[in-house]
Amino acid sequence: MTGSPLPTQSTSKALRVAVAGASGRMGHMLIEALRTSDGMVLAGALDVAASPAIGSDATAFLGYASGVPITADLRAGLKNADVLIDFTRPEGTLAHLAVCSELGVKAVIGTTGFTDAQKAEIAAFAQRTAIVMAPNMSVGVNVTLKLLQMAAKAMAAGYDIEIIEAHHRHKVDAPSGTALKMGEVIADALGRNLKECAVYAREGVTGERDPSSIGFATIRGGDIVGDHTVLFAGIGERIEITHKSSSRATYAQGSLRAVRFLADRKTGMFDMFDVLGLN
C-alpha cells in the first residue's frame, strides 16, 4: 500500500479512539477525520462478523497501514481505547456499550432509532461510564436546535409547526433522529408532549389541522446527506429554519469535539448542547 502514515502522535498523551462500523461510510469518515486530528489516534476498529472487511487494516481505504485491524471481537477492538464513536444500529450500539461499561471505555453515540426502553438501558450504562449521545453530531444542527427553541417560545400561539426532512435512500429509520429531536425541542419549549401532539402521516380526509399538533414529513432518495426544515406558518407570514448537510464530515468533526469533551469525565449522560456550551 502507498500513501502517508498517520501523523506521529504520542499515544501516551493522545486520546485513543475506537470506531464502530469501521468499514461503512460514516466509519470511513471518522477514521479519516482522526488521521488529521490533534491529540487523537485510532486505537480500535469494530464491524459486524459478516463484514468482508474483518481482518483488514482499518485505514486500507486511505492507502496505508495503521496496524489497527477491523474486528468483530468487541473486547479486542476496545481494549486499547479511551473512547468509542458509534454510528451503527440500536442493537449493536447497546452491545458495544455493555462492553464499554465493563472496560471503562467512554462513548460518543450518534446512532438513532432507539426505543424508550433502549434509551433507559443507555442511561443505566452512563452510571458506569461517560456517554455523549445525540441524534446529530453536527455543530450547525445543534445551533439550529437552539434557534428552534427560541423561535418556539416566541411563536407559541398562532403558528402551525411542520418539520420536513430528507435523507438518502439507504436510511432505515423515519422520521430521522434529528427531525424527532427538533420536534422534542419545540414541544418542550411549548410545554407539550411530542408523543401526544406529533402527526407522522396524512392521507385522505383528515379534517382541519389541530393547532396544537407538530407535523412531520419524510423524503427518501438518492444520496441526500441530510436536509431539515422547520416551518412556522402563521397568518400573513411564515418562518422557515433550515439546515442542510452536504458532507458527513460535519458529523465526524462534531464527534471529535464530543470525544475531547469526555476526556476529563468519568461517568454521566451528556448531549451536544453540553459539548458546545449551549445549556
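How are helix 3 and helix 4 oriented to each other, roughly parallel or roughly perpendicular? Hold that thought while I set the ground rules.

This is a predicted model, where local features need pLDDT of at least 70, side-chain atom pairs count only at pLDDT 80 or more, and totals for chains, interfaces and linings use all residues. Residues are numbered from 1 along each chain as its sequence is written, and side-chain values use heavy atoms, with hydrogens and water left out.

Helices first. Two packed helices are described by the angle between their axes and the distance between the axes. Helices here are DSSP runs of H or I, at least four residues, and strands are runs of E, at least two, numbered from the N terminus. Axes are lines fitted to C-alpha atoms, for helices over the stretch in contact, with angles from 0 to 180 degrees between N-to-C directions.

Helix 3 covers residues 90-103, and helix 4 covers residues 116-125. They pack at about 15°, axes 10 Å apart. Helix 3 and helix 4 are therefore roughly parallel, a label for angles under 35 degrees. Their crossing is left-handed, meaning the near helix is turned anticlockwise from the far one by less than a right angle; clockwise is right-handed. Contact, meaning heavy atoms within 4.5 Å, involves residues including L94 and L97 of helix 3 and I122 and F125 of helix 4.

Next pair. Helix 5 (residues 139-154) and helix 6 (residues 177-190) have axes that come within 8 Å and cross at roughly 30°. Helix 5 and helix 6 are roughly parallel too. This crossing is right-handed. Among the contact residues are L145 and L148 of helix 5, with M182 and V185 of helix 6.

Now the rings. Rings of Phe, Tyr and Trp (its six-membered ring) pair if their centres lie within 6.5 Å; planes under 30 degrees apart are stacked, over 60 edge-to-face, the rest tilted. The count is two aromatic pairs. Y200 and F216 form a tilted one, 5.0 Å centre to centre, 35° between the planes. Y200 lies in the loop between strand 8 (198-199) and strand 9 (214-220), and F216 in strand 9, so the pair ties together parts 16 residues apart in sequence. Y200 is partly exposed, at 44% relative accessible area. F216 is buried, at 6%. The cut-offs: buried is under 20%, exposed over 50%, partly exposed in between (1.4 Å probe, protein chains only).

F261 and F270 are edge-to-face, centres 5.2 Å apart, planes at 75°. Both F261 and F270 are buried.

Terms used
Angles under 35 degrees count as roughly parallel, over 145 as roughly antiparallel, 65 to 115 as roughly perpendicular and the rest as oblique.
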